[in-house]
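Please read them with the structure open.

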Amino acid sequence: MPLELVDVGALPNEEQEYLWTINFGPQHPATHTTLRLLLTLDGEDVIKAVPDIGYLHSGFEKLGEDLTFNQYVTIVDRMNYISPMANEIAWFHVVEKLLGIELTPRCKYLRTIFAELMRLHDHLLNVGTAALDLGAFTAFLYAFYQRELIYDLCEHASGQRFHTSYLRVGGLTYDVDDAWIRQLRSFLDGFMKAHNDVSRLLNRNRIFVERTKGIGVLTKEDAINLSCTGPIARASGVVRDLRKDEPYLAYGELRDAFQVVCAEEGDCYARYLLRMEEMLESLKIIRAALENLPSGPVNVSVEGKEVLPEKNATYRSIEGLIQHFELIMTNRGFKAPVDELYGAIESPNGELGFYLVSDGSDRSYRCRTRPPSFIHFAVFPHLIVGHQLSDVVAILGSLNIIAAELDR
Amino acid sequence: MNHEATLAKLRDRLGAEAVSISEFRDNTRVVVPARDVLAALECLKNECGFDFLVDITAVDYLHYPDAKDRFGVVWCLLNTATGERLVVKTFLNEPDLNLPSAYGLWKGANWMEREVFDMFGIRFEGHPDLRRILMPELFTAYPLRKDYPLRGRGERHNFPVITRAES
């Protein structure tokens, strides 16, 4: 079907006969997922870019109106599947805010550790593939080896490598054991070497630097006006990080353990450097959280009738069985307040929020996701204008667009 | 977070009876009539420092308990200097599903408004390019409305397959 090229501004001159239109995607190795760009070219210069999205739209928000709070976690996992647990943490952050549940200290710290592992996860992928698209293959391999180790940690804790579905309302599916802590410590010890390797390969790599420095410059005013958050806004000098500004989980207590990384240039290179530095800060948070990890229960007390009992209790005690049924049976379940609220966390990609409308039942009446990828992709047409065709992959890589989250 | 200064300015601009304020957990919500939305958003952006548009979304209150209006449209705003958050909300009823676009205030509203239009059929006047964004152009329904069934109306099976020759 024809698409009109009327997105941002008019074409600069009237003689358009020599302009080329190039279709980029939806299947292209540098889009990594399914998204499409209509590029208008003057020689090699991009004059205009019109994104066309929706190829992966699968109605997640409609499904959220049909599934209970605990069931919807399996769908939330599949939004930004690069860092699945960050989505779970955002979802339950909002659900628990709605239900008024205060988590146990151990759960807060464990969720914080997982949130930061997911940040490493996401940034490693982004740095690795951005470098891969620009021709630096080795850094990609180093990054992906570390991602495998994070997958192993997820598997050990939750039983799943990819779509973990690890969180529950009021806690986690399982507590972690000592072997997991040892595994995490050995991962942290090995991570610095990989980080050094990647930095040494890329930071002063002439090809990489020349293809990213000064490319896709986003000014601070534009970043705010275009609703950018997370690494992209911080690379443009917007000093905003929900972990510091609106502390959730254990970030309030770990406030002194980390700093917010910012840059001023706002180009692709700044976004790359910022992500590399943020990984080091994440490492500090994980170490601090691990040192201060409280003991005690990981779930809130069963008396509140909000958390699913442990499987052992469900099978072996009558109280556990009753409690399980109370939450699972169709005419029972949570008693949520009839109201609506917006809540957000700092996901690796930016502010990941949910606007949750509750009609008093155990499922949401409406659960709007504020997907950072969607909002950042809208910035792309502004960034690419004036650059060349080969810069498309550099900018696309630095924005970290995850199509599953883009389209939901 | 103290919203008194902001709310006082909003009352000055729109009149005290036009603005109703409610709070839930840490959210402060301002409900304004649909005709005053643009004035309220302008006041909040230009006079109260809400320079950041977090999100625009809509809710269909068809089956909601005790709901009087069909649609609610929500703007989540943020003041990046102070960290103050505010939720602006308005209600709409059929057949007049038109609202002024916030694109002139925040460029970030572009795709958010397109998504609301795509999913709920609410039109934003003054939007530069109000097309469907996630659903195909030929789609006729608004899928996030509550009268649209969860499993669809068979569009998927009846959708014309585009062959390579005619694409």
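1. First, a term. Two strands count as paired if DSSP finds at least two bridges between them. The model is predicted, so side-chain atom pairs count only at pLDDT 80 or more.

2. With that term in hand, take one residue pair. A:Leu41 stands opposite A:Val46, which lies in strand 3 of chain A. Strand 2 (residues 36-42) and strand 3 of chain A are joined by seven bridges. The two run antiparallel.

3. Now the whole sheet. It is open, with three strands of chain A in the order 1-2-3 and antiparallel pairing. Which strands stand at the edges? They are strand 1 (20-24) and strand 3 (45-52) of chain A. Each has a single partner strand, so one side of each is left without a neighbour in the sheet. On average, and with direction ignored, neighbouring strands are turned by 20° against each other.

4. Chain A overall. Its secondary structure comes to 17 helices and eight strands. The radius of gyration of chain A is 22 Å, close to the 22 Å from the globule rule for 408 residues, so the chain is as compact as a globular protein of that length. Along the principal axes, the C-alpha atoms of chain A fill a box of roughly 80 × 45 × 35 Å.

5. Next, a helix pair. Two packed helices are described by the angle between their axes and the distance between the axes. In chain A, the axes of helix 6 (residues 178-202) and helix 11 (residues 268-291) come within 11 Å. They cross at roughly 165°. That makes helix 6 of chain A roughly antiparallel to helix 11 of chain A, because angles over 145 degrees count as roughly antiparallel. The crossing of helix 6 and helix 11 of chain A is left-handed.

6. Which residues meet there? Helix 6 of chain A brings A:Leu184, A:Leu188, A:Phe191, A:His195 and A:Ser199. Helix 11 of chain A brings A:Met276, A:Met279, A:Leu283, A:Ile286, A:Arg287 and A:Leu290. By class, this contact has eight nonpolar, two polar and one charged residues.

7. Last, the contact between the chains. It takes 31 residues from chain B and 37 residues from chain A. On the chain B side, the elements that give two or more residues are strand 3 (52-60), strand 4 (71-78) and helix 3 (109-120) of chain B. Strand 3 of chain B gives the most, with six residues. By class, the side of chain B that touches chain A has 19 nonpolar, six polar and six charged residues.

How values were computed. Residues numbered from 1 in each chain as written. Chains lettered and ligands numbered in written order. Predicted model: local features only at pLDDT ≥ 70, side-chain atom pairs only at ≥ 80, totals over all residues. Axes fitted to C-alpha atoms, helices over the stretch in contact; angles between N-to-C directions. Helix = DSSP H or I, 4+ residues; strand = E, 2+ residues; numbered from the N terminus. Parallel < 35°, antiparallel > 145°, perpendicular 65-115°, else oblique. Left-handed = near helix turned anticlockwise from the far one by under 90°. Contact = placed C-beta atoms within 7 Å. Nonpolar A, V, L, I, M, F, W, Y, C, P; charged D, E, K, R; others polar. Rg over C-alpha atoms; globule rule 2.2 N^0.38 Å.
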